[in-house]
Amino acid sequence: MKIGVLVQEGPYNHEASDSAYKFIEAAMAKGHTIQGVFFYDDGVYNVASKMEPPQDDRHIAKRWSELGAKGVDLIVCVAAAKRRGINPDLIMPNSRISGLGQLSEMCTEADRLITFGD
Amino acid sequence: MLHIVSRSPFSDDSLKSCVRIAKKDDPILLTEDAVTGVMPGSAVASLLQDAMKSHAVYALSADLKARGVDRMLDGIKVVDYAGFVELVEQHKPMTWL
């Protein structure tokens with residue numbers, strides 16, 4: 001099954017980012033394809049490359065980037081990013097900035113779209 | 001349709017709205033702070049008990065454990081992330097935010 005994931009909350013906020021990640025891990029373990037992860041609103045901070053969490057904490061941006069390296073398409077909403085001062089130089093490797101069209105494409109192509117937010 | 005509720009039912013109306021709107025037999029999954037609603041004797045106990053008459057109500061085990069919730073209303077089904085994925089396989093998900 002193809003699953004699209006929408007993340008609307010920033011990292012280290014409540015739990016959306018962690019829940020989304022754990023859901024994706026479980027879905028991939030079951031052999032599902034993650035059609036893409038779309039970061040919207042404050043969710044764009046999930047892949048901010050300048051993030052430096054304490055060493056004993058999870059590195060959320062790195063975790064997403066590693067998922068991207070496995071072939072998961074990580075899409076950062078351009079409008080949400082621009083509003084928040086995030087430009088293409090400030091996002092993690094294996095993620096990309098694109099528009100809402102990508103989200104609607106994900107909605108039509110995936111069998112499921114699941115939202116994690118605040 | 002799978003209804004996913006993540007907000008605490010003690011500070012937000014999403015669980016209440018979900019129960020009101022969800023069609024009969026639609027499953028409801030409680031995640032994150034919403035899992036605290038399953039504790040017996042809470043202000044939302046009767047809401048959940050009524051909901052369980054027409055919906056399967058699930059709670060995510062990792063989130064229950066993170067909050068130390070070890071007592072719950074009869075009838076609540078506990079699922080792990082693999083079970084969460086299975087629910088999404090069976091139903092299109094809708095998150096109440």
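**Cavity, pocket and helix packing in a predicted model**

The count of cavities of 30 Å³ or more comes to 1, where a cavity is a set of points on a 1 Å grid over the protein atoms alone at which a 1.4 Å probe fits but cannot get out. This is a predicted model, in which local features need pLDDT of at least 70, side-chain atom pairs count only at pLDDT 80 or more, and totals for chains, interfaces and linings use all residues. Residues are numbered from 1 along each chain as its sequence is written, chains are lettered from A and ligands numbered from 1 in the order in which they are written, and side-chain values use heavy atoms, with hydrogens and water left out.

- The largest cavity holds about 80 Å³ of space, a volume being the space filled by probe spheres set on grid points that are joined across faces, edges and corners.
- Its lining comprises 13 residues, and Phe116(A), Ile4(B), Ser6(B), Thr31(B) and Glu32(B) lie nearest the centre; lining residues have an atom within 4 Å of a point.
- Two or more residues of this lining come from each of β5 (112-116) of chain A and α4 (81-90) of chain B; helices (H or I, at least four residues) and strands (E, at least two) are DSSP runs, numbered from the N terminus.
- By class, the cavity lining has 6 nonpolar, 6 polar and 1 charged residues; Ala, Val, Leu, Ile, Met, Phe, Trp, Tyr, Cys and Pro count as nonpolar, Asp, Glu, Lys and Arg as charged, and the others, Gly among them, as polar.
- The largest pocket contains about 190 Å³ of space, a pocket being an open set with protein on both sides within 12 Å along at least five of seven lines.
- Of the 13 residues lining the largest pocket, His14(A), Asp118(A), Ser6(B), Arg7(B) and Asp33(B) are the closest to its centre.
- The lining of the largest pocket has no nonpolar residues, 5 polar and 8 charged.

**Helix packing within chain A**

- Helix α1 (residues 16-29) and helix α2 (residues 60-69) of chain A have axes that come within 11 Å and cross at roughly 25 degrees; axes are lines fitted to C-alpha atoms, for helices over the stretch in contact, and angles run from 0 to 180 degrees between N-to-C directions.
- This angle makes α1(A) roughly parallel to α2(A) (angles under 35 degrees count as roughly parallel, and 65 to 115 as roughly perpendicular).
- Among the contact residues are Tyr21(A) and Ile24(A) of α1(A), and Trp64(A) and Leu67(A) of α2(A); contact means heavy atoms within 4.5 Å.
- The residues of this contact divide into 7 nonpolar, 1 polar and 2 charged.

**Helix packing between the chains**

- α1(A) and α4(B) pack with their axes 9 Å apart, at an angle of about 80 degrees.
- The two helices α1(A) and α4(B) are therefore roughly perpendicular to each other.
- Residues of α1(A), including Phe23(A) and Ala26(A), meet residues of α4(B), including Phe84(B) and Val88(B).
- The contact of α1(A) with α4(B) has 8 nonpolar, 1 polar and 1 charged residues.

**Helix packing within chain B**

- In chain B, the axes of helix α1 (residues 14-21) and helix α2 (residues 45-54) come within 11 Å and cross at roughly 25 degrees.
- Leu15(B), Lys16(B) and Val19(B) of α1(B) meet Leu47(B), Leu48(B) and Ala51(B) of α2(B).

Key. Angles under 35 degrees count as roughly parallel, over 145 as roughly antiparallel, 65 to 115 as roughly perpendicular and the rest as oblique.
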